[in-house]
Amino acid sequence: QLAMFLLASSLLATWTELSANGSWPTPRHGHSAVFCPRRGWMLLFGGNAFDPTNQLFRFDVARSEWAQLKLAGPPSKREGHTATLTA
């Protein structure tokens with residue numbers, strides 16, 4: 001399930017369920033996620049999907065599409081970590 005939190009003002013906030021295509025990440029907890037406003041992407045890394053993982057996924061907001069990204073030499077599997085995006 002994928003949802004977006006829309007904060008129109010301090011008095012008006014709503015959750016909206018989204019549909020999306022592509023290669024969805026499996027349900028997990030303990031992952032990190034950051035949003036890159038310049039590219040309109042959310043990046044989701046790691047977490048625990050029955051075992052710790054080092055998978056990286058990109059969600060393209062404009063296309064409403066998930067993609068698993070393949071990296072050369074990814075970091076070790078982890079959960080309960082943090083992430084920061086600098087642009």
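How many bridges join strand β6 to β7, and in which sense do the two strands run? In this predicted model, strand β6, which spans residues 56-60, is joined to β7 by five bridges, and the two strands run antiparallel. Within this pairing, phenylalanine 57 has glutamine 68 of β7 as its bridge partner. The two strands form a hairpin with four residues between them, and serine 64, located in the turn, adopts a positive phi of about 50 degrees. Strand β7 (residues 65-69) also pairs with strand β3 (residues 21-22), here in the parallel sense and over two bridges, with asparagine 21 standing opposite glutamate 65.

In soluble globular proteins, nonpolar side chains tend to be buried together. The largest nonpolar core of the model consists of six residues, namely Leu2, Ala20, Leu44, Phe57, Phe59 and Trp66.

With neighbours within four places in sequence left aside, asparagine 48 is in contact with Pro27, Arg28, His29 and Glu79. The C-alpha atom of asparagine 48 is separated by 27 Å from that of alanine 87, a residue 39 residues apart from asparagine 48 along the chain.

Technical notes:
Residues numbered from 1 in each chain as written. Predicted model: local features only at pLDDT ≥ 70, side-chain atom pairs only at ≥ 80, totals over all residues. Heavy atoms only, no water. Pairing = 2+ DSSP bridges. Core = buried A, V, L, I, M, F, W, Y, C linked by side-chain atoms within 4.5 Å. Buried < 20%, exposed > 50% of the residue type's maximum accessible area, 1.4 Å probe, protein only. Contact = heavy atoms within 4.5 Å.
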